[in-house]
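Subject: Structure handover

Hi,

Here is the structure I promised to pass on.

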Amino acid sequence: MRKPIVALVGRPNVGKSTLFNRLAGEPLAIVDDTPGTTRDRLMAEAEWNGRYFFIVDTGGIDPSTGGKEALSVGSADYIQQIRQQAELAIREADVVLFLTDAITGVTPADQEVAQILRRNQKIIEGKPHPPVLLVVNKADNQTFRSGAAEFYELGIGEPYPISALHGTGTGDLLDDLVAAFPSDTEEEEDDSVKIAIVGKPNVGKSSLLNRLVGEERAIVSPIAGTTRDAVDTKIVFEDIEITLIDTAGIRRRGKIEPGVEKYSVIRSMRAIERADVALLMIDATTGITAQDAHIAGYILEAQKSTVVLVNKWDAVEKDNFTMQNYTSRIRQELNFMDFVPILFISAKTGQRVDQVLPLALRVQEERLARLTTGQLNRILQNAQDAHHATSRTGKSLRIYYGTQVRSDPPTFLIYVNDPKLAHFTYLRYLENAIRKEYPFTGTPIRLVLKPRR
Ligand code: GDP
Ligand code: GDP
């Protein structure tokens, strides 16, 4: 089931990132201390009453780069940026949370945002779409909570007074948020392997797509996107049905000039969320940029499998060490993805393009792999014998027993004396021990620690 995307919009300082952090689940433990991933978290998975969804802090998105840029109040393009973020959210999110500030009351910038949101909503089945919930944050006490009625004047409907800082009022808000989710999130789901081609603009996504489709003559049908702004292309490769999800947007072959599509963070997230495997394309002529790291972060956050494709390899001057140097640089800069395979390709000349789908399918297979309980416990026992977890308090972690509770992605439940004693580095050590036996190439694995009753 596709997880809905909820965008937080509002002018700076209203409390978007405070609310984001309150709603966001813990980042995947194995990426916890990795610079560049958690620091710039723009998207996170959240859950309320068993419904999972993604939240996006549009305040962190610079629409021109897709990266995290602080918006400074009073800067020349301040209003312009808020406007773009509101437009982005209303175009691409499933539900918008519009944040305002009870302490300052209604401001002209709030009016501006409200107007953009209202103007850009579509009417679907008699209702404005996407739904917008008006949040009046910093309503820390009764006075502010009653004062929230003032915000009716924005014309967005009933205000929800909350305190993101103290957590009050968020329950009612989340109840109504979940109720506002579109029912079509249970759409699609055929059995094809879903592969998303993601990367910053101009990296060569549509060139690759055209090649993959061109080389596999057996096109079933290019189906109109089940999701807005996406066109899925179905192909059959070695008897396996594959859906290629094109994040570059609606673009029939040859119809639109390459490289002109506007980059959209939310569109990339949506494609990643629908995919089993993401092909993360990197431009060999520019190297890894912050934007690449962001996209890698979304893939990890969504716990999808990955193949890194270093494209435009034809345009790089090479000696015997270039590929090796490049590989270690990528591993270093995306160091949280050291289990991810890297392929050097040229969508232009076709070099190694024939290896892309076989590799993606292998990664998908590993995503579905299972270790037996016997195998896993042997690995855990050996790892523990070789290296005990130590702790400052003198109490140390004991591992009793583990079992793989699911695949897609592989998830291991491990019973211990006290999960709090498991330091990040020890979890990483256990992960590496598992991967040494069974690599789970390209696939994140999850270790869930539980105290033994
Ligand atoms: P953003 O720019 O919209 O992401 O806003 P931040 O989340 O960075 O919050 C701006 C400031 O408002 C910070 O100093 C927060 O501590 C403060 N803040 C956020 N939520 C609340 C709240 O519920 N009550 C109060 N009193 N302050 C809050
Ligand atoms: P997209 O924006 O990611 O879909 O990128 P495009 O596929 O539109 O490609 C952007 C530009 O890069 C175009 O001018 C392509 O011709 C060029 N390009 C794409 N792949 C390669 C490649 O492998 N080598 C070289 N030299 N150029 C490429």
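A word on the numbering before the notes: helices are DSSP runs of H or I with at least four residues, numbered from the N terminus. Please also keep in mind that this is a predicted model.

Let me start with the ligand. Around ligand 1 there are 15 residues, and the closest are Gly15, Lys16, Ser17, Thr18 and Leu165. Which element gives the most to this shell? That is helix 1 (residues 16–23), with three residues. Sorted by class, the shell around ligand 1 holds eight polar, four nonpolar and three charged residues.

Next, the domains. The assignment for the protein chain gives domain 1 (5–179), domain 2 (193–367) and domain 3 (373–451). Where domain 2 and domain 3 touch, the contact takes 12 residues from domain 2 and 10 residues from domain 3. On the domain 2 side, the elements that give two or more residues are strand 14 (305–311) and helix 10 (356–367), and helix 10 gives the most, with four residues. This side of domain 2 divides into six nonpolar, three polar and three charged residues.

Strand 14 also contains Leu309, which I looked at in more detail. Is Leu309 buried or exposed? Leu309 counts as buried because it has 30 C-beta neighbours inside 10 Å, and the cut-off for buried is 20 or more. Leaving aside neighbours within four places in sequence, Leu309 is in contact with Leu279, Leu280, Met281, Ile282, Leu343, Ile345 and Val356. For a distance you can check quickly, take Leu309 and Asp246: they are 63 residues apart in sequence, and 15 Å separates them in space, C-alpha to C-alpha.

Strand 17 (residues 411–416) and strand 18 run parallel and are joined by six bridges. Within strand 18, Leu447 is the residue that stands opposite Phe412.

Happy to talk any of this through.

Best wishes

Terms used: Residues are numbered from 1 along each chain as its sequence is written. Chains are lettered from A and ligands numbered from 1 in the order in which they are written. This is a predicted model: local features need pLDDT of at least 70, side-chain atom pairs count only at pLDDT 80 or more; totals for chains, interfaces and linings use all residues. A residue is near a molecule or strand if its C-beta atom, placed from the backbone, lies within 6 Å of it. Ala, Val, Leu, Ile, Met, Phe, Trp, Tyr, Cys and Pro count as nonpolar, Asp, Glu, Lys and Arg as charged, and the others, Gly among them, as polar. Two strands pair if DSSP finds at least two bridges between them. Domain bounds come from an automatic or database domain assignment. Two residues are in contact if their C-beta atoms, placed from the backbone, lie within 7 Å. A residue is buried if 20 or more other C-beta atoms lie within 10 Å of its own, exposed if 12 or fewer, and partly exposed in between; C-beta atoms are placed from the backbone.
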